[in-house]
Number of protein chains: 2
Amino acid sequence: MRMSALLAPTLREQPAEAESDSHRLMLRAGLIRKVSAGIYTYMPLAFRVIRKISEIVRQEMDRAGAQELQLPIVQPAELWLATGRWQEYGPEMFRLRDRHGREFCLGPTHEEIITALVKAEVRSYRQLPLMLYQIQNKYRDEIRPRFGVIRGREFIMKDLYSFDRDEAGLEISYQKMHEAYVRAFRRCGLQTRAVEADPGAIGGDVTHEFMVLSPIGEAQVVYCRRCDYAANVERAPVAPPPHAAGSEKPVPPAERVATPAVRTIDELTAFLGVAAERVLKTLIYLVDGQPVAVVVRGDHRLNEVKLGRLFGTSRIEAAPPELIERRTGAPAGYVGPVGLEGMEVVADPWAMAVADAVTGANAADAHLIHVVPGRDFRPTRVADVRVAEPGDACPRCGGTLETSAGIEVGQIFKLHTKYSEALGATFLDEDGKEKPVVMGCYGIGITRTMAAVIEQHHDERGIIWPVTVAPYHAIVVAVNSRDAGQAQAAERIYRELAERGVEVLLDDRDERPGVKFNDADLMGFPYRITVGSRLAASGEVEARRRRDGQDVPVGVDGAAALVEQWLREDLAALEP
Amino acid sequence: MRMSALLAPTLREQPAEAESDSHRLMLRAGLIRKVSAGIYTYMPLAFRVIRKISEIVRQEMDRAGAQELQLPIVQPAELWLATGRWQEYGPEMFRLRDRHGREFCLGPTHEEIITALVKAEVRSYRQLPLMLYQIQNKYRDEIRPRFGVIRGREFIMKDLYSFDRDEAGLEISYQKMHEAYVRAFRRCGLQTRAVEADPGAIGGDVTHEFMVLSPIGEAQVVYCRRCDYAANVERAPVAPPPHAAGSEKPVPPAERVATPAVRTIDELTAFLGVAAERVLKTLIYLVDGQPVAVVVRGDHRLNEVKLGRLFGTSRIEAAPPELIERRTGAPAGYVGPVGLEGMEVVADPWAMAVADAVTGANAADAHLIHVVPGRDFRPTRVADVRVAEPGDACPRCGGTLETSAGIEVGQIFKLHTKYSEALGATFLDEDGKEKPVVMGCYGIGITRTMAAVIEQHHDERGIIWPVTVAPYHAIVVAVNSRDAGQAQAAERIYRELAERGVEVLLDDRDERPGVKFNDADLMGFPYRITVGSRLAASGEVEARRRRDGQDVPVGVDGAAALVEQWLREDLAALEP
């Protein structure tokens with residue numbers, strides 16, 4: 001392909017709308033153009049990347065034994081009504097009516113439609129296990145589309161669904177997909193963490209999100225620097241505190257002190273001159289509508305997901321101020337566990353380990369000091385209900401946890417029989433019994449993966465594509481296209497590269513060398529061959545890898561072979 | 001792939017809903033399943049066909065110099081309002097609102113959005129010509145979806161748009177696409193006719209529809225058996241009648257005869273005992289609101305598209321009865337050209353050639369006989385305004401025309417500057433002048449092509465895929481899977497075929513041989529290797545081509561090589 005004919009308009013200015021490195025670079029390199037909020041045109045270079053990522057994902061899904069099909073984007077409401085998700089999805093689902101007034105949605109996901117298919121077509125255990133997938137546009141009417149294609153309203157996703165006879169089969173399918181995801185992301189040159197996440201309302205054991213650690217991510221991840229443990233912050237268990245050595249001196253009896261208009265932890269630590277680690281926060285929640293007091297250390301954060309899991313519910317909300325005052329006798333900010341009655345009191349183990357604590361006094365403008373957990377109050381439950389923090393111990397290896405934001409590029413999830421039971425997708429098992437199929441679902445954001453690759457692979461000059469997903473492998477640049485010798489040599493190397501199977505662009509534009517070099521760096525092709533003044537002097541050209549930027553002089557004859565060799569090496573390095 | 005794992009559920013019964021051979025076979029062979037009217041799931045076998053057709057089309061578009069991209073499916077209303085098509089499209093366009101109440105449609109086509117892109121990104125003649133395309137779901141809310149995927153509401157289409165500096169450039173792009181379409185359909189094994197069609201309101205010269213002649217087609221085509229001329233019936237010109245030899249005897253003067261309650265041509269020919277070829281029909285139309293009388297021979301049909309083109313308008317409608325009576329003095333059925341005044345009278349050349357004609361008398365219950373065109377009436381215009389009929393002469397070679405219904409699988413169309421002017425997509429030409437880009441658009445129905453291939457390639461047993469688009473090339477069937485020798489030989493041939501690059505299925509199901517053979521024929525794989533009782537007797541298996549059904553005995557050792565050789569031959573035969 002010749003650059004003069006390629007539609008890849010670059011921008012010299014920083015686009016004002018760009019909210020992240022990948023967003024900025026995709027606009028600047030002519031990869032995407034916005035059509036509406038969260039809705040983009042994928043320009044020719046981006047579409048080549050999308051096809052390459054899709055093909056890698058396709059190969060790994062096929063390798064795991066899955067079959068590709070294509071389900072409708074426009075889906076009738078009836079199936080969604082049957083599972084209750086027509087209501088549940090709320091305004092995130094795009095909805096429309098056809099000319100006869102029938103309701104449809106634009107598929108945000110395809111559990112309903114594929115379960116209905118399997119219900120109709122699978123009758124016997126002999127047809128299981130089955131893994132079906134598609135690569136297709138998906139739709140979510142995000143309230144706040146962000147970061148270009150990372151959080152779009154129209155985006156390309158691979159979604160796969162597994163169907164098994166039983167939980168043991170699901171576990172096998174799940175592990176196959178876990179392995180396929182590790183391989184697929186690795187082949188795309190993307191470093192991901194398989195992050196344990198909470199399965200939420202569906203229940204069951206762990207689920208995994210494949211995260212790219214990045215400051216622009218919208219999920220919070222804790223991970224271990226020593227082992228490969230990683231978890232969504234909502235999920236990560238906190239190891240119990242180290243056993244305190246017996247304290248030297250006895251703690252005096254609890255004592256009430258006046259703390260007028262002192263409500264926050266910051267105000268309290270300043271007012272009393274104590275560290276936040278010695279303060280116990282007492283928060284009142286409504287759990288399934290019942291008030292529950294939760295005690296955590298002043299420097300810790302309550303984890304609502306853990307609290308919900310403790311009580312086996314997702315109906316968790318902060319109690320309103322008037323209820324707090326009515327049930328504790330104190331306004332919010334002055335509540336404490338001592339003498340608190342008529343409700344469950346849940347304390348975090350780290351709160352219980354504070355030897356000499358400060359708490360609210362259950363009265364306005366007063367706190368208690370010298371509170372000893374266990375002596376002055378006894379919670380109804382002690383349980384891990386706090387958010388893991390940097391410095392906490394890794395629950396797997398005891399190493400030190402770090403936290404980071406993360407971009408979720410994939411998720412694997414056990415659905416068990418949620419959808420098969422709701423829609424009646426059963427099969428006749430070998431024992432003659434009718435059973436619901438056991439399902440899993442597995443997503444990869446294709447367009448989001450493209451952006452995440454750029455987040456991980458760029459410098460101040462532009463994108464640095466991993467060879468496996470680069471739109472073209474190489475670009476040949478004649479410094480002066482009007483110099484016949486340079487133009488001829490560039491043309492020859494271009495042809496030789498193409499013959500060797502290297503995907504190559506020829507920058508044949510009548511532009512200044514700086515413009516050509518800048519565009520090549522911005523677009524991020526892995527290899528550049530520069531045909532310049534060295535040609536006339538020594539018959540040589542310069543080859544460089546984008547990632548190191550070092551020019552290697554090479555004869556015109558040998559340039560294509562050198563680049564082909566680099567390509568083979570770099571491709572091999574990304575094999576799983 | 002093993003049949004036991006493939007999701008390809010076949011139906012033994014004829015599906016009641018099927019309206020055409022391809023629809024019936026796609027349902028029976030497990031290629032598609034209906035989700036809603038005109039909305040289908042493409043099952044794994046169909047999706048492989050779709051990918052193969054798409055790849056052939058992609059290669060031909062790339063070969064013609066085009067670039068692939070992807071435009072949004074969900075498109076904002078604003079662009080469509082700018083060209084007036086938001087209203088024009090009517091109920092065929094799916095429309096929706098996002099959570100903020102903004103209006104969008106599901107793209108039925110992409111002229112607006114791509115013209116806006118080119119407007120933003122193309123500024124100079126140096127960036128032209130440009131050809132951009134995508135392969136993507138399209139949406140039309142058909143009032144009557146039919147024939148499975150042939151007329152669906154969600155379907156896959158390749159749409160390409162060309163952008164040129166001038167009409168000469170457009171002509172080149174148009175010819176490139178014409179050639180690419182001929183090659184692409186040929187490679188898919190599809191016999192098409194490039195049919196001249198009317199460009200309609202946009203004007204300009206001819207446009208081409210690529211038609212598969214088929215009784216279920218919804219377009220009417222005339223074509224020549226001798227040359228490759230073909231045209232949409234609306235478009236096909238009719239050669240003038242052969243010059244009549246001077247008639248022997250003079251025609252008597254025109255004479256009024258009573259024809260009470262005789263209104264139709266059939267009634268008239270019966271009542272007067274004359275052939276329809278001697279009757280002149282006179283029809284009153286409103287052309288741009290003005291009454292026009294149109295005279296055609298009694299056995300011919302008026303072509304409204306030709307009439308519109310004659311007057312340069314698309315506002316053509318039959319005049320209401322009261323207007324006919326008021327302006328001619330006679331009820332419809334008794335109108336004639338003799339003495340008709342106060343309006344244009346258009347006569348077809350074949351009407352003018354009738355030597356001794358019968359016409360209406362412009363009075364109730366009366367006709368004129370012995371009317372001589374030119375003697376008894378003089379039309380204001382003589383022009384080809386009738387529909388071409390079987391037996392008419394080919395306008396290109398003089399051969400004999402036939403007519404047929406046709407399935408439109410592709411269309412190439414000159415848009416000229418319709419959209420670039422409406423949306424302001426201009427470029428700075430070499431002469432320093434700002435000019436609108438000159439556009440063409442070019443569509444191929446991918447899913448419709450799949451169905452059309454089946455319409456052309458099937459027999460009473462099932463589909464007969466051309467090798468280039470077959471979901472798998474070959475299937476290996478062990479007659480008795482429980483026979484260890486047969487199972488081993490089948491497995492070995494299956495592996496050898498796969499190693500040779502033949503896409504192969506192994507029917508490893510524990511089914512009766514008849515079921516396996518029927519499924520293989522129904523699904524239409526080009527080659528079948530049957531491992532049966534001959535194996536034990538002589539060490540041989542049987543290979544057959546689906547299209548001829550002749551078994552060829554071949555040793556186990558040679559089976560894979562034979563099928564590979566057939567595959568190479570058959571692939572070569574479909575090279576353009």
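In this predicted model, helix 2 (residues 44-63) of chain A packs against helix 6 (residues 167-187) of chain A at an angle of about 155 degrees, with the two axes 9 Å apart; helices are DSSP runs of H or I with at least four residues, numbered from the N terminus, and axes are lines fitted to C-alpha atoms over the stretch in contact, with angles from 0 to 180 degrees between N-to-C directions. Helix 2 of chain A is therefore roughly antiparallel to helix 6 of chain A, a term that applies to angles over 145 degrees. The contact (heavy atoms within 4.5 Å) involves I56(A), Q59(A), E60(A), M61(A) and R63(A) of helix 2 and M177(A), E179(A), A180(A), Y181(A), R183(A), A184(A) and R187(A) of helix 6.

Between the chains, 54 residues from chain A and 54 residues from chain B take part in the contact. Chain A and chain B bury about 4,600 Å² between them, of which 58% lies on carbon and sulfur atoms, buried area being the accessible area (1.4 Å probe) that two parts lose on being put together, summed over both. Within chain A, the most area is lost to chain B by L7(A), Q70(A) and R99(A), which together account for 15% of what that side buries.

Six salt bridges are found across the interface of chain A and chain B, a salt bridge being a side-chain nitrogen of Lys or Arg within 4 Å of a carboxyl oxygen of Asp or Glu. E121(A) forms a salt bridge with R33(B), in which the closest N and O atoms are 2.6 Å apart.

Residues are numbered from 1 along each chain as its sequence is written, chains are lettered from A and ligands numbered from 1 in the order in which they are written, and side-chain values use heavy atoms, with hydrogens and water left out. Local features need pLDDT of at least 70 and side-chain atom pairs count only at pLDDT 80 or more, whereas totals for chains, interfaces and linings use all residues.

Note on methods: Helices (H or I, at least four residues) and strands (E, at least two) are DSSP runs, numbered from the N terminus. Angles under 35 degrees count as roughly parallel, over 145 as roughly antiparallel, 65 to 115 as roughly perpendicular and the rest as oblique.
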